[in-house]
Amino acid sequence: MAQQIIGRETEIKLLNDCYESSKAELVAIYGRRRIGKTFLVKSLFQERFDFFVTGMYQGKLKDQLAIWNKKLNEFSGFNHKTPHSWDEAFDQLKHYILSIKKKKVVIFIDEMPWFDTPKSNFVRAFEFFWNDWASTQENLLMIVCGSATTWMNDNVISQKGGLHNRVTRRIRLSQFDLHETALFLESKNIKWNKQQIAECYMILGGTPYYLDLLQKSKSLVQNIDFLFFRQNAELACEYDVLLNSLFKNAQTYRKIIELLAKHGAGMTRKELAEGTKTPVGGSLTEQLDNLKNCDFIRSYSSFGKTERDTMYQLCDMFILFYLRFVRNKGGQDESFWTNSLDNPSRRAWSGYAFEQICFGHIQQIKKSLGISGVLSNVCSWYRKADRSTGTKGRQIDMLIERRDNVINICEAKFSNKPFTVTESYLQEMYARMEDFRNFTKTDAALHLTMIASAGIAPNEYAESINNVITLDDLFK
């Protein structure tokens, strides 16, 4: 193995199984930009590639064919002329593969969507290559990869045409969790405590490329100032680059993302349609699905509501931070993050970002509660205020509805020191729980659960909390 791979145990096993398979394997790997797709494949197969080529971003057909030809000649030792079409290019690849006498031939086409230039017929040529010949070659492992998730889904993974059900394995690569992030930083000799790693995660998420930009000689706040707020900072324009590289009609996706950024609790499909002036039908559904596949947004149900009331919420840590503090902030203090420790806006953001960490670590929370094996549904609950009746608005951000007739009412609190449960806070929580029971008519036991980054301070009121989950639990 050429380089150390952090985490990715499931994906590594799947790829190794494909390598040992006795049939032709077509593996499609997809996920947002910067997530480590290429690194994973190269680290596993670096010495075993028989052909490896990467598409050129916004390259023309002749440029793409020239790149293909150059790499094919390098790997084969042949002197193929530059093909005039993709049909010819894949035919050359076929004849090269036939010349290889190995147990498993490994072909890797990286950033595959970039090869599909207008009127190039790339997809049609690839379909024919796979269906007519490659799918019958028992010693062939073909891995195709792309950051443009919409293209990968429409043209390879869920294609309705010639490649329908032809992909033998699909891998959706997601960001690191907190545990994997800690391992990654440790591999870079960055020695931060769990609180600092969590704060880093709330800004950069578990995106390996961003984490790799951190410098061990700088503190966390110095790193953030360096990456976002200094002149010509490396990540100052990343948001636009990210969306443009993933989506052809990036402006449409930008509207959805930035609308959701203004509505922390999330929005329904109908509200999004009205806010973006888009019909509720097919195109909006496709856009929301694509954003979910990139892990930019999450969908969740409200307790007792129908699928029609599904809420969509922006959950990408990097984008949340970027839109709140970086975008349109040209000319501000190059030490902005260092000097904003007591900024109320920063405190509000950190609370919301920590909630998103909790939603991204449900399995760790369930394990801490001892309910890993219990069927459960994670949802939220809200009740709008009604001025005519004087009814107050209520909201519970996270509920874990369990098969054993228990509902965990979860409260997330991010702080540098143990959270103090006061009498007034406890009464407010009891009032929410009572309203929830009365409104939903549930007869389940309600367990008040605190997800407090630094735990809770011991006092007479703390004893009323059924369960306490800390950062230590989320890092497991």
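This structure holds 20 salt bridges. Before I go further, note that it is a predicted model. I will take one of those salt bridges, then a pair of helices, then the pockets and the cavities.

Start with the general idea. Side chains of opposite charge can pair when their charged atoms come close. The example here is Lys71, which forms a salt bridge with Glu74. The closest N and O atoms of Lys71 and Glu74 are 3.8 Å apart. Where do these two residues sit? Lys71 and Glu74 are both in helix 3, which covers residues 61–76. They are three residues apart in that helix, which means that about one helical turn separates them.

Next, the helix pair. Two packed helices are described by the angle between their axes and the distance between the axes. The pair I picked is helix 10, residues 220–229, and helix 15, residues 317–326. Their axes come within 12 Å and cross at roughly 75°. An angle from 65 to 115 degrees counts as roughly perpendicular, so helix 10 is roughly perpendicular to helix 15.

Which residues make the contact? From helix 10 they are Ile224, Phe228 and Phe229. From helix 15 they are Phe318, Phe321, Tyr322, Phe325 and Val326. By class, this contact has eight nonpolar residues, no polar ones and no charged ones.

The largest pocket has about 780 Å³ of space. Its lining has 28 residues, and those closest to the centre are Gln175, Asp295, Phe359, Gly360 and His361. Which elements supply at least two residues each to this lining? They are helix 1 (9–20), strand 7 (297–300), helix 16 (344–360) and helix 17 (362–369). The lining of the largest pocket divides into 10 nonpolar, nine polar and nine charged residues.

The second largest pocket has a volume of about 650 Å³. It is lined by 22 residues, and Arg34, Gly36, Phe39, Pro208 and Tyr209 lie nearest its centre. Helix 2 (37–45), helix 7 (178–187) and helix 9 (208–212) each give at least two residues to this lining. Helix 2 gives the most, with four residues. By class, the lining of the second largest pocket has 10 nonpolar, six polar and six charged residues.

Last, the cavities. How many cavities of 30 Å³ or more does the structure hold? There are two. The largest cavity contains about 40 Å³ of space. Its lining is Arg32, Ile35, Gln175, Cys294, Asp295, Asp316 and Met317. Three residues in the lining of the largest cavity are nonpolar, one is polar and three are charged.

The second largest cavity has a volume of about 30 Å³. Tyr300, Ser380, Trp381, Tyr382, Gln395 and Asp397 line it. Two elements give two or more residues to this lining, strand 9 (376–383) and strand 10 (394–402). Strand 9 has the largest share, three residues. The lining of the second largest cavity divides into three nonpolar, two polar and one charged.

Conventions
Residues numbered from 1 in each chain as written. Predicted model: local features only at pLDDT ≥ 70, side-chain atom pairs only at ≥ 80, totals over all residues. Heavy atoms only, no water. Axes fitted to C-alpha atoms, helices over the stretch in contact; angles between N-to-C directions. Parallel < 35°, antiparallel > 145°, perpendicular 65-115°, else oblique. Contact = heavy atoms within 4.5 Å. Nonpolar A, V, L, I, M, F, W, Y, C, P; charged D, E, K, R; others polar. 1 Å grid on protein atoms, 1.4 Å probe; cavity = no way out; pocket = protein on both sides within 12 Å on 5 of 7 lines; lining within 4 Å. Points joined across faces, edges and corners; volume = space filled by probe spheres on them. Salt bridge = Lys/Arg side-chain N within 4 Å of Asp/Glu carboxyl O.
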